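Q: I should like to learn how to read the features of a model such as this one. Please show it to me, and let us begin with a single residue.

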Amino acid sequence: MHTHASPYDFSALQADDSRITRVGTILRRTSLDELPQLLTVLQGSMSPVGPRQEMPFIVDQYAERHKQRLQVKPGLTGLWQLSGDHLIHENVEYDLYYIQHRNLFMDLAILLYTLIFAMRGV
């Protein structure tokens with residue numbers, strides 16, 4: 001992103017977003033922008049599957065129920081990413097469902113679908 005872009009702006013989903021550089025467009029289209037997070041998973045600070053980290057000003061507004069998201073390691077991918085065109089802060093319910101029902105099969109399914117979507121450029 002350009003240096004003048006706010007780190008807390010909504011995710012850039014449009015192809016013509018002026019905040020994204022040409023290199024950034026290529027990195028996003030090929031999902032290479034996720035490589036730093038993959039390294040964090042390999043270091044053990046993140047999980048392959050789990051809730052994505054949320055912006056601090058949104059976490060400050062969490063209800064007690066939503067704070068359950070903070071009790072597990074953040075993940076590279078999660079159930080909400082497969083849910084469609086929803087923003088992360090609108091999908092706390094997906095993360096809470098995942099936390100309550102997580103198991104190896106669900107993790108493998110989420111990873112497989114994420115890989116398929118990444119290869120398709122979705």
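A: Leucine 27 counts as partly exposed, because its relative accessibility is 32%; buried means under 20% relative accessible area, exposed over 50%, and partly exposed in between (1.4 Å probe, protein chains only). Leucine 27 is placed in helix 1. This is a predicted model, in which local features need pLDDT of at least 70 and side-chain atom pairs count only at pLDDT 80 or more, whereas totals for chains, interfaces and linings use all residues. Residues are numbered from 1 along each chain as its sequence is written, and side-chain values use heavy atoms, with hydrogens and water left out.

Q: Which residues form the nonpolar patch on the surface?

A: A patch is made of residues with over 30% relative accessible area and no salt bridge, nonpolar side chains (Val, Leu, Ile, Met, Phe, Trp, Tyr) being joined within 5 Å and like charges within 9 Å. Here the patch consists of Val23, Leu27, Leu32, Leu35, Leu38, Leu39 and Leu42, with about 640 Å² of accessible area together (Shrake-Rupley method, 1.4 Å probe; for residues, only the protein chains shown count as cover). Helix 2 (35-43) contributes the largest share, 4 residues.

Q: How is a salt bridge to be read, and which residue does aspartate 95 pair with?

A: Side chains of opposite charge can pair when their charged atoms come close. The criterion is a side-chain nitrogen of Lys or Arg within 4 Å of a carboxyl oxygen of Asp or Glu. Aspartate 95 pairs with arginine 69, with 2.7 Å between the closest N and O atoms. Because aspartate 95 lies in helix 4 and arginine 69 in the loop between helix 3 and strand 2, the pair ties together parts that are 26 residues apart in sequence. Both aspartate 95 and arginine 69 are buried.

Q: Which residues of helix 4 are buried, and what do they pack against?

A: Helices (H or I, at least four residues) and strands (E, at least two) are DSSP runs, numbered from the N terminus. In helix 4 (residues 92-101), the buried residues are Val92, Asp95, Leu96, Tyr98 and Ile99. They line one face of the helix, because they fall within an arc of 160° seen down its axis, the arc being that of the directions from the helix axis to the C-beta atoms. These residues pack against strand 1 (47-49) and helix 5 (104-120).

Q: What is the mean pLDDT of the protein chain?

A: Where pLDDT is low, the predicted coordinates should not be read in detail. This score is the predictor's confidence in each residue, from 0 to 100. The chain has a mean of 82, and 80% of its residues reach 70 or more.

Notes. Contact means heavy atoms within 4.5 Å.
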